[in-house]
Amino acid sequence: MDNKGSSSSNKHIPQLRRQTSEELYEHAKSKENKKKGTAVSLCYEIHSLLRVLWSGKWGVVTPNNLVFGIWRFIPWFRSYRQQDAHEFFNCFIDRVNTELLQESKKHTNLAKKFKENNPRINLNISTKYVEHQHVAKRTFEFAKKTFIGSTRQKVTCSVCKNVSVTDMEFPSLQVNIPLHLQKKQQRQRKKGGKRGSRKGKRGNNKEDDDANKTKIEDCKLEDCIRHLIREEKLEGDAKYACDHCKCHQVATKQVKINALPQILVININRARWDLRGTRHKIKDHVEFPLKNLDLSYACWDDDDIEEEKVLYNLSSIVSHHGGGLDKGHYSALCLDAGDRNTWMHFNDRRWSIEEPEEVESSQAYLLFYEINTNLSSNEIEEYTQQVAKPNRSSDIANIAFV
Ligand SMILES: [Zn+2]
């Protein structure tokens, strides 16, 4: 896909694929009928773009309509200035969900009015109102289940043991690199330590031997997640206002996951503020698994989560390059949807195939994990071919012939 300037962070927001496209289309086609070919919704533009991409008919696709749609519906991201990929992803998913929710509510109200105006008609029979209501509701629930997870915070009063519960939905799970591990890496770097070269194409035995002598101990993704779910004590000025005791009490607070999405996006927070209020980039490497990410330790085990262990495989990474967070450049590593063992690096107009060792050593900013699926690569290919039939004028607008 051709790069559209500020879309370099956007275009690799991946995995709106397989049945996602079909579901979004159900929402989009009603819009399309009203205003043919114009940027009427992000759902519509996503669907149009995926149809063109999956058709395999064109060497380069320029996502003009999607970018213009983003500018129209999320004006904050208008222009070609540097944008934050994490912030963009959250706004993008929020906008898609808002559109789908509005559509679902609209059709529910239409069906309700139809029933009020036609009390003798049995709504269990298939009418266009009921049909649209079901499609809109199903589409919204599907998108939510795919991308939106939820955390649950529990605050337990140390005196009355009353537990206060607060749920919060997330389109991406933000984790921090624990401060003590940041300092540890800083100390190791000052002592002349280096990150150990992996046995990738850039490494050689001598370098590996030298690096291993002074290798910096990497922080692991699990360290970051365990930091997120650690139990905190609320005391002193931070005492908890207990509704039951009617006064401030010492309490414990803990946040864990209570609903996991199909596609889990993890953002490694790389912003650090100094005492003068200046923002710096944390360049520490964080180790992350390519396969079988197990988050059972980070989930509440008393509700909502199925007992069967949920495992995730990494499908894409967005990395930030450059010294500061307000400037620099994004690139993406994506797993080939057909050949699930090939990693591709997309860097503006350039792309290359990367070894898994190189992927593991990237400085990840966003990690896209897909829940394990039983679909074979052939089934995925077959599906994408089914829905990729570009034939509308708006589809053609996305295409650059080469
Ligand atoms: Zn209490």
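**Strand pairing, burial and the core**

Guide: In this predicted model, C334 stands opposite M344 in β17. The strands concerned are β16 (residues 329-335) and β17 (residues 343-347), which pair in the antiparallel sense.

Visitor: What makes β16 and β17 a pair?

Guide: Two strands pair if DSSP finds at least two bridges between them. β16 and β17 have four bridges, so they count as paired.

Visitor: How do you know that β17 and β18 pair?

Guide: β17 and β18 (residues 350-354) are joined over five bridges in the antiparallel sense, and the criterion is at least two, so they pair.

Visitor: Why is P171 called buried?

Guide: A residue is buried if 20 or more other C-beta atoms lie within 10 Å of its own. P171 has 21 such neighbours, and therefore counts as buried. P171 is found in the loop between β3 (163-170) and β4 (173-176).

Visitor: Which residues does P171 touch, leaving aside those up to four places away in sequence?

Guide: P171 touches F89, N90, I93, D94, F147, I148 and V265. D94 is 77 residues from P171 along the chain, yet their C-alpha atoms are separated by 7.7 Å.

Visitor: What is the strand order in the open sheet that contains β3?

Guide: The order of the four strands is β3-β2-β9-β6, with antiparallel pairing.

Visitor: What makes β3 and β6 edge strands?

Guide: β3 and β6 (232-234) each pair on one side only. Neighbouring strands of this sheet are turned by 30° against each other on average, direction ignored.

Visitor: How do you know that β2 and β9 pair?

Guide: β2 (residues 149-157) and β9 (residues 251-259) share eight bridges in the antiparallel sense; at least two are required, so the two strands pair. In β9, the bridge partner of S150 is A259.

Visitor: Which residues have the most contacts inside the largest nonpolar core?

Guide: L366 and L367 have the most contacts inside this core of 59 residues. Helix α2 (residues 42-55) supplies the largest share of the core, eight residues. Not counting residues up to four places away in sequence, L367 touches I266, F288, L314 and I317.

Visitor: What makes L367 and I317 a contact?

Guide: Two residues are in contact if their C-beta atoms, placed from the backbone, lie within 7 Å. I317 is among the residues that L367 touches, so this pair meets that cut-off.

Notes:
Residues numbered from 1 in each chain as written. Predicted model: local features only at pLDDT ≥ 70, side-chain atom pairs only at ≥ 80, totals over all residues. Buried ≥ 20, exposed ≤ 12 C-beta atoms within 10 Å, placed from the backbone. Axes fitted to C-alpha atoms, helices over the stretch in contact; angles between N-to-C directions. Core = buried A, V, L, I, M, F, W, Y, C linked by C-beta atoms within 7 Å.
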